[in-house]
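Dear colleague,

I am handing over the structure below, together with notes on what was found in it. Please read the notes with the model open beside you.

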Amino acid sequence: MAQLSAAVPGDLSKLTTLVHSNDLEETRDIISNAYSPYRLDCLGDAREFSAWYAESGFPGITVSGLQYGSPHLGAETLIRPQPLGTYLLVCEVTHGRVTVSSPGREECRVGPGETYVLDPYRSFQVHWSPGARMITVRLARETVERAAADALGVEGPLRARFALGGAISPQAARTWAGISGAVLREVLGEGIARTNPLVATHLTQTAAALLVGTQRLITEGVDAQRTGAVSHAAVRRVMALVEEQADQPHTLADLAATARLSPRALQEAFRRHLDTTPLGYLREVRLARAHQDLLAAGQDGSATVSDVAYRWGFSNLGRFATYYRNQYGHPPSKTLTP
């Protein structure tokens, strides 16, 4: 194995290192065995390629760390895995940035502290900036889909897909960060979940339930079996439309037609299940996409605040700045020029 000059990240050094190499083919083979077969390309000078991959866990959950290149020496890297099959990955970028896309459907730029979910039902590719690093939490598909069925009040597992846009709200993101942090501390601190099946099961089921409750879950043809509840499937149809066409103009009437509900019933469904309105949800998605674009433009100067605002449907720049400050705690100009 060709060794890197860069050290293994200290905060993740208790994970078991499987790859620490400058060899592209070796890296591809080992990580393909750990996850699913995938294509790995170095988008630059192959002599600058490097990779580090490590993992550990307890029954039900695997935590892994992955880094390609270094911020000061390294090439951009593109990975194109085959569909995951029997598990899901919740990925948190800790350093650098990645762009994850599902060909023909969605694209999402992800920076430090942000997450995205890869489910078994999509093909995807991830473009890594030099030195980007992430931590992933791997959960069995069956475990997550049982949790989704429980959350929606239906019998048996169901086919659960996730949009790429991250958590449904900043509050939800903090909730997920809490459980993922607890899982990571359990793994890195060599906690009792490794040897206590009850603790391992509890943490795994809690993580699955919070994943379903905090991320952008999409289900098809599922109605909630709760008295007085409006169909979750209607909400999910609108979520899917918004996620895939966030840059298009949408009115409440348009969204209600997609949901096959009256505007009033759709508003009630969103308040009940997401604690927002359909147009409020659309605004949250657009703000998240604008945030990602501003982060990217801050690196390459490819756009101005007004360019990004108009791209995502905010024709009033003052209102956009107010929404953005309320969501992220600072004006969009600060994201563009940190």
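Which residue lies over the face of tyrosine 87? That residue is arginine 138, at 5.3 Å from the ring centre, where a charge counts as sitting over a ring if NZ of Lys or CZ of Arg is within 6 Å of the ring centre and within 35 degrees of the ring normal. Arginine 283 likewise lies over the face of tyrosine 323, at 4.4 Å from the ring centre.

Before going further, please note that this is a predicted model, in which local features need pLDDT of at least 70 and side-chain atom pairs count only at pLDDT 80 or more, while totals for chains, interfaces and linings use all residues. Residues are numbered from 1 along each chain as its sequence is written, and side-chain values use heavy atoms, with hydrogens and water left out.

Aromatic rings

Rings of Phe, Tyr and Trp (for Trp, the six-membered ring) are paired if their centres lie within 6.5 Å, and planes under 30 degrees apart count as stacked, over 60 as edge-to-face and the rest as tilted. By this rule there are nine aromatic pairs. One of them joins tyrosine 35 and tyrosine 53 in an edge-to-face arrangement, 5.6 Å centre to centre with 70° between the planes. Tyrosine 35 lies in the loop between helix H1 (24-34) and strand E2 (38-42), and tyrosine 53 in strand E3 (residues 51-58), so the pair ties together parts that are 18 residues apart in sequence; helices (H or I, at least four residues) and strands (E, at least two) are DSSP runs, numbered from the N terminus. Tyrosine 35 is buried, with a relative accessible area of 17%, and tyrosine 53 is buried at 0%, where buried means under 20% relative accessible area, exposed over 50%, and partly exposed in between (1.4 Å probe, protein chains only).

Phenylalanine 314 and phenylalanine 320 form a tilted pair, 4.9 Å centre to centre with 45° between the planes, and both of these residues are buried. Ring pairs link Phe314 and Phe320 with Tyr323, Tyr324 and Tyr328 into a cluster.

Cavities

A cavity is a set of points, on a 1 Å grid over the protein atoms alone, where a 1.4 Å probe fits but cannot get out, and its lining residues have an atom within 4 Å of a point. Grid points are joined across faces, edges and corners, and a volume is the space filled by probe spheres set on the points. The structure holds two cavities of 30 Å³ or more.

The largest cavity contains about 200 Å³ of space. Its lining has 19 residues, and Tyr35, Leu66, Ile79, Pro81 and Leu89 lie nearest the centre. Strand E6 gives the largest share of this lining, three residues. The lining of the largest cavity comprises 16 nonpolar residues, three polar and no charged, where Ala, Val, Leu, Ile, Met, Phe, Trp, Tyr, Cys and Pro count as nonpolar, Asp, Glu, Lys and Arg as charged, and the others, Gly among them, as polar.

The second largest cavity has a volume of about 30 Å³, and helix H8 (residues 278-300) gives the most to its lining, with four residues. That lining divides into two nonpolar, two polar and three charged residues.

Cysteines

Cysteine 91 and cysteine 108 are both buried, each at 2% relative accessible area. A search of the whole structure finds zero disulfides, a disulfide being a pair of cysteine sulfur atoms within 2.5 Å.

With kind regards

Conventions. On a 1 Å grid over the protein atoms alone, a cavity is a set of points where a 1.4 Å probe fits but cannot get out, and a pocket is an open set with protein on both sides within 12 Å along at least five of seven lines; lining residues have an atom within 4 Å of a point.
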